[in-house]
Amino acid sequence: MARAKHPPIKRDWLGKSLAGLLLGFTLALALSGLAGLLRPGLDGAEAQLLMWMVPPVWVAVLGGVFMFPDGWRAWAWLSLANLVAWGLLTTCLHWG
Amino acid sequence: MRPDVIRLYKTLHTWTGIVAGLALFVAFYAGAVTVFQEPLARWAAAPQATAPGVRPADMPALLAAIAGTRPAAAKEGITLHLPQHGDTSAWVGWHEHAGGRDSPEVNYHAWLDAEGAVQIRQQQPSDLTRFIDFIHQRAGLPEGFDAGEWLMGGISLLYALALISGVIVLLPTLVSDFFALRLGRNLKRFWLDAHNVAGIISLPFHIIMALTATVFLLHDPIYGLQDKLLHDGKLMSAWRQPAAPASSGPLPALLTPEALLQRLQEQAPGFSPRDMTWRTLGQPDASVWIGGHDDRFMNRGALGGFAIVSAYDGHLIRTDVMPGHASPGNALVASFFSLHFASFGGDTVRWGYFLLGLAGAFLFYSGNLLWVESRRKLTRRDQPPATQSRSTHLMAALTVGVALGCISGISLSIAGGKWLHGHVDDLNSWHRGIYYVVFLACAAWAQWRGAARSAIELLGFAALATLLIPLTSLLAWALPASGLWFHEEALGVDLTALAGAAALALMAWAAARRAARGPADSVWSLARP
């Protein structure tokens, strides 16, 4: 019998849920901002579509966050993703 | 997928489901009823409520007369309701908020008398369907409860989580589970199969509902943050319509409704109008919002969309909420709304959504039953029947009480409206009162009598409550002197309620059989106290 490849997944309900709920939301917000950069200006329909983008991304992160081996890794990876997304967005907004 | 991941998601599915399940049952049952809000409103509308009507040709004169005495109405909008399903004439009405935006609206109804003078009467149209829609949106939480929107936003996220985790749990055995409905000695297996099949068949429907419900409940905070962080506070100006060109000189005369509808017919042949609302009367940008639907397209609202035309010459001013005429971006947004409201494809789609909504309610009901059954303690051989834990008794009774309380409450609120009409001052408060009293009484009854006994009794009660809807119509048809009324065009409501009552009666019979003959160690058995 081969040794198990992965350590058993930790449940960490609180840590993972909060990571998905908070960082998933901020990530979805940043991605909607990046999508908004694809077209200059803002019209009524685009503003609505950018809002509609947020819940699917948020819910997808919230649903997937429990796949992380533990709560710390969930926070670390989602923080990194947020950093990249918000960094890119801020860069584009100021120097784009 | 790794078994420990599956196990984690199974736990997640169980607990998100059990926390959100009862609220979702109410939301889905009331939502299924709301799909047919138009026939239901017709069923409930008293025949005298819409008289006296107005001749379309008199409309410009009537509008001018109302605008003269009611400036608030002229600004907010005065609506001409076109004749629908057997109405004899069109009628004019509007509402005002006497004490500011958040105050309850007061409805008025106006017509021209024989001398051509305007007559204004306060009226109280039945808001039964609006109340059922409110039950749908807030899962029956009381009105005026400010945190209700946030709470339901949380429920919609739990719903989405339950959906994702349910799919992950099912993935490894998806195909084999889909074709399995094992009706054998193991009843838990049967309920699980039924739960899985209902879930898989309606998965696209549930994905739509989870995402749109989250948007509807949480769009305000999302827009607020996006405006602050992404749009530099320019969100409102993106939505504002360009100001009308300032014009000097006298305003042209208003077109009659017939002329406006004819102009619209030329510009948009497939659009079926339902009502027309004149806004900003007396201004150069006075417009008419023609509400209606076009079943060839995705309609943004539950009742359709709006064609917004000039009140003076009838040309289309705005098409952003008009089915088939919106820009691609607006049409895409409209399709999201439409997928929630079932406002596309006409009655075929509506029946589909009605059944999917009921299947959704069944999904949450069966989920709770599975929670109870998974916690079942088995009776060992040669031992007295095992006693089940207090929590399973409590959850079983809660599920029975809430689900059947919601069904009975809605049925009695619908039927009661006809009996109380003309006998009470504020019928709309009675609609609410009946629902909440019946709902709470059923929930309390279930806790008092226990799940097994109350399931039989409350199913019978729900069947009778629902049967009262067609019985009321039957009585009105047979005895017109009773003061009740019957609309032939709303016969579908009676037939649907009759079928629902029959289904509930059948379930009551099945529950009684199970209580008498089923395993004695179940929370559903009457074999022991």
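1. Let me start with Ala342(B), which counts as buried because 25 C-beta neighbours lie inside 10 Å. (Buried requires 20 or more other C-beta atoms within 10 Å of the residue's own, exposed 12 or fewer, and partly exposed is in between; C-beta atoms are placed from the backbone.) Ala342(B) is found in the loop between α12 and α13 (346-374) of chain B. Helices here are DSSP runs of H or I with at least four residues, strands are runs of E with at least two, and both are numbered from the N terminus. The phi of Ala342(B) is near 60°, a positive value in a residue other than glycine. Most residues other than glycine have a negative phi.

2. A word on the basis of all this: it is a predicted model, in which local features need pLDDT of at least 70 and side-chain atom pairs count only at pLDDT 80 or more, while totals for chains, interfaces and linings use all residues. Residues are numbered from 1 along each chain as its sequence is written, and chains are lettered from A and ligands numbered from 1 in the order in which they are written.

3. Chain A has a positive phi to look at too: Asp12(A), a residue other than glycine, has phi near 40°. Asp12(A) sits in the segment before α1 of chain A. It counts as buried, because there are 21 C-beta neighbours inside 10 Å.

4. In chain A, helix α1 (residues 13-36) and helix α2 (residues 44-64) pack at an angle of about 145°, and their axes are 8 Å apart. (Axes are lines fitted to C-alpha atoms, for helices over the stretch in contact, and angles run from 0 to 180 degrees between N-to-C directions.) The crossing of α1(A) and α2(A) is right-handed; a crossing is right-handed if the near helix is turned clockwise from the far one by less than a right angle, and left-handed if anticlockwise. Among the residues making this contact are Gly20(A), Gly24(A), Phe25(A) and Leu31(A) of α1(A), with Met53(A), Val57(A) and Trp58(A) of α2(A). Contact means that the C-beta atoms of two residues, placed from the backbone, lie within 7 Å.

5. Leaving aside neighbours within four places in sequence, Leu31(A) is in contact with Met53(A), Val57(A) and Ala85(A).

6. On to the interface between the chains. Chain B contributes 31 residues to the contact and chain A contributes 26 residues. On the side of chain B that touches chain A, the elements giving two or more residues are α1, α6 (148-170), α9 (203-229), α10 (235-239) and α12 (328-341). Of these, α9(B) gives the most, with nine residues.

7. The largest nonpolar core has 165 residues, and Phe25(B), Val26(B), Tyr29(B) and Leu459(B) touch the most other members. (Such a core is a set of buried Ala, Val, Leu, Ile, Met, Phe, Trp, Tyr and Cys residues joined through C-beta atoms within 7 Å.) Helix α1 (residues 3-35) of chain B supplies the largest share of this core, 16 residues. Not counting residues up to four places away in sequence, Val26(B) touches Ile135(B), Ala139(B), Gly140(B), Val402(B) and Cys406(B).

8. α1(B) and helix α5 (residues 128-138) pack at an angle of about 150°, with axes 7 Å apart, and α1(B) passes α5(B) in a left-handed crossing. Helix α16 (residues 451-478) and helix α17 (residues 491-517) of chain B pack at about 160°, with axes 8 Å apart. That makes α16(B) roughly antiparallel to α17(B), a label for angles over 145 degrees. α16(B) likewise passes α17(B) in a left-handed crossing.

9. Finally, the domains. Chain B is divided into domain 1 (1-46 + 126-240 + 344-374), domain 2 (47-125), domain 3 (241-341) and domain 4 (383-529), with bounds from an automatic or database domain assignment. The C-alpha centres of domain 3 and domain 4 of chain B lie 43 Å apart.

Terms used: Parallel < 35°, antiparallel > 145°, perpendicular 65-115°, else oblique.
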